[in-house]
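Here are my notes on the model you sent over. Have the structure open while you read.

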Amino acid sequence: MMARTGRPRSAEADAAILDATREALVEQGWGGLTMADVAARAGVAKTTLYRRWANRNELVVDALGALFDELRMPDHGTLAADIEDVVLQFAALLDRPEVRTALMAVIAESSHDDGLRRRVRTAIVDRQKRLVVLGRHRAQRRGEIPPDDGTAATRAQVDLVFDVVAGAVVHRILVSGERVDAAWAAALSGLLREGLAGGRGGLGSGREGLGGGRGGQAGGR
């Protein structure tokens, strides 16, 4: 766990440390990042870092997670507009050099570090599923998609929707090197809405639930 015993934590110190971590990662990469350098950049003692984070892995994941926590689920009145907004927010986040560098480093390191993979899941992935939960709830209240029926498949839909959105956006930007623009976001939104509106035959309902691949258009925003 990140919390340690000792003096009360300072929100300002935490913010300075996380900012310094992202800055150092962009400049020096994963291999050159050290706790001592981060402490010097943040203007705190190295012991201050170790009271909060046990190692570099925890620090980098939390520095990245703090930026993902800035994502918000809007309420534009339709599921289509809400999905498109979140997709564009996510794309804008991935366009930031510090996010791109940190995410690529964490993905690479977590491929052979189970502890780091678990921390990514709890500190970033699981926390951001809140966006899917809130968006689905609003769409259900508006009657745009079927209500939950309490089945395991319905509950699993949150995981699948998150994976589809995150996977498609990360692949397009970081793997394919393409831009995510409004037209591409609308195409992804349409694919998701078709699956969500299908109820038991839609996303998360079984082997055939996804029913499609990535769709979209290249372009700049």
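The numbered points below go from the overall fold to single residues.

1. First, a reminder that this is a predicted model. The chain has nine helices and zero strands, so read from the N terminus the element order is simply α-α-α-α-α-α-α-α-α. Of the 221 residues in the chain, 43% are buried. Among contacts with a separation of 6 or more, 70% link residues 24 or more positions apart.

2. Take a look at how α1 (residues 11-32) packs on α4 (residues 56-68): the angle is about 115° and the axes are 9 Å apart. That makes the two helices roughly perpendicular, because the class covers angles of 65 to 115 degrees. The crossing of α1 past α4 is left-handed.

3. Who meets whom in that contact? On the α1 side you'll find Ile-17, Leu-18, Thr-21, Arg-22, Leu-25, Trp-30 and Gly-31. On the α4 side they face Arg-56, Asn-57, Leu-59, Val-60, Asp-62, Ala-63, Ala-66 and Leu-67. By type, the residues of the contact split into nine nonpolar, three polar and three charged.

4. Now the largest nonpolar core, which has 61 residues. Val-87 and Val-169 touch the most other members. Helices α1, α2 (35-42), α4, α5 (79-94), α6 (97-110), α7 (114-141), α8 (152-175) and α9 (182-196) each put in at least two residues. Which helix gives the largest share of this core? That is α8, with eleven residues. As background, nonpolar side chains tend to be buried together in soluble globular proteins.

5. Val-87 deserves a click. Skipping its neighbours within four places in sequence, Val-87 is in contact with Val-165, Val-169, Val-180, Trp-184, Ala-185 and Leu-188. Is Leu-188 buried or exposed? Its relative accessible area is 2%, so Leu-188 counts as buried, the cut-off being under 20%. Leu-188 and Val-169 are 19 residues apart along the chain, and their C-alpha atoms are separated by 9.4 Å.

6. Last one: please check Asp-82, in helix α5. Asp is classed as charged, and Asp-82 is buried, with a relative accessible area of 1%. What does Asp-82 touch, not counting residues up to four places away in sequence? The list is Met-73, Pro-74, Asp-75, His-76, Gly-77 and Arg-142.

Key: Residues are numbered from 1 along each chain as its sequence is written. This is a predicted model: local features need pLDDT of at least 70, side-chain atom pairs count only at pLDDT 80 or more; totals for chains, interfaces and linings use all residues. Side-chain values use heavy atoms; hydrogens and water are left out. Axes are lines fitted to C-alpha atoms, for helices over the stretch in contact, and angles run from 0 to 180 degrees between N-to-C directions. Helices (H or I, at least four residues) and strands (E, at least two) are DSSP runs, numbered from the N terminus. Angles under 35 degrees count as roughly parallel, over 145 as roughly antiparallel, 65 to 115 as roughly perpendicular and the rest as oblique. A crossing is left-handed if the near helix is turned anticlockwise from the far one by less than a right angle, and right-handed if clockwise. Contact means heavy atoms within 4.5 Å. A nonpolar core is a set of buried Ala, Val, Leu, Ile, Met, Phe, Trp, Tyr and Cys residues joined through side-chain atoms within 4.5 Å. Buried means under 20% relative accessible area, exposed over 50%, partly exposed in between (1.4 Å probe, protein chains only).
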